[in-house]
Amino acid sequence: PPTDAGRAPRTAGPPAPPEEAARRAERATLMLARTRALADLQAACAPAHRAMLEGAIADLDRRLAALG
């Protein structure tokens, strides 16, 4: 039978308010973008490309920190 090993446990109670759902969605989007930028950085050879990716990752880190 399939397992839920990769899923977060569901909590009982009312659904999250729309603002919280939007914040979670934005955080997930930023995390995906950061993961992609890190993967691109590992493959990048050109110094200018690496610098651009490092700046993008720093910006994503700032935006994630601002979300809390």
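Start by selecting α1: at 1.5 Å a residue, its 26 residues should span 38 Å, and the end C-alpha atoms are 38 Å apart, so the two agree. The expected span is 1.5 Å times one less than the number of residues, and helices here are DSSP runs (H or I, at least four residues), numbered from the N terminus.

A word on what's loaded: this is a predicted model, where local features need pLDDT of at least 70, side-chain atom pairs count only at pLDDT 80 or more, and totals for chains, interfaces and linings use all residues. Residues are numbered from 1 along each chain as its sequence is written, and side-chain values use heavy atoms, with hydrogens and water left out.

Staying on α1, pick Leu-30, Ala-37 and Leu-41: these are buried (under 20% relative accessible area, 1.4 Å probe, protein chains only). Look at the two axes (lines fitted to C-alpha atoms over the stretch in contact, with angles from 0 to 180 degrees between N-to-C directions): they come within 9 Å and cross at roughly 160°. That makes α1 roughly antiparallel to α2 (an angle over 145 degrees).

Now show contacts, meaning heavy atoms within 4.5 Å. On the α1 side you'll find Arg-23, Glu-26 and Leu-30 among others, while the α2 residues they meet include Arg-50, Asp-61 and Leu-67.

Finish on the largest nonpolar core: Ala-37, Leu-41, Ala-44, Leu-53 and Ile-57. Such a core is a set of buried Ala, Val, Leu, Ile, Met, Phe, Trp, Tyr and Cys residues joined through side-chain atoms within 4.5 Å. Both α1 (18-43) and α2 (47-67) give two or more residues to this core. Click Ala-37, which touches Leu-53 and Ile-57, not counting residues up to four places away in sequence.

Definitions and conventions
Buried means under 20% relative accessible area, exposed over 50%, partly exposed in between (1.4 Å probe, protein chains only). Angles under 35 degrees count as roughly parallel, over 145 as roughly antiparallel, 65 to 115 as roughly perpendicular and the rest as oblique.
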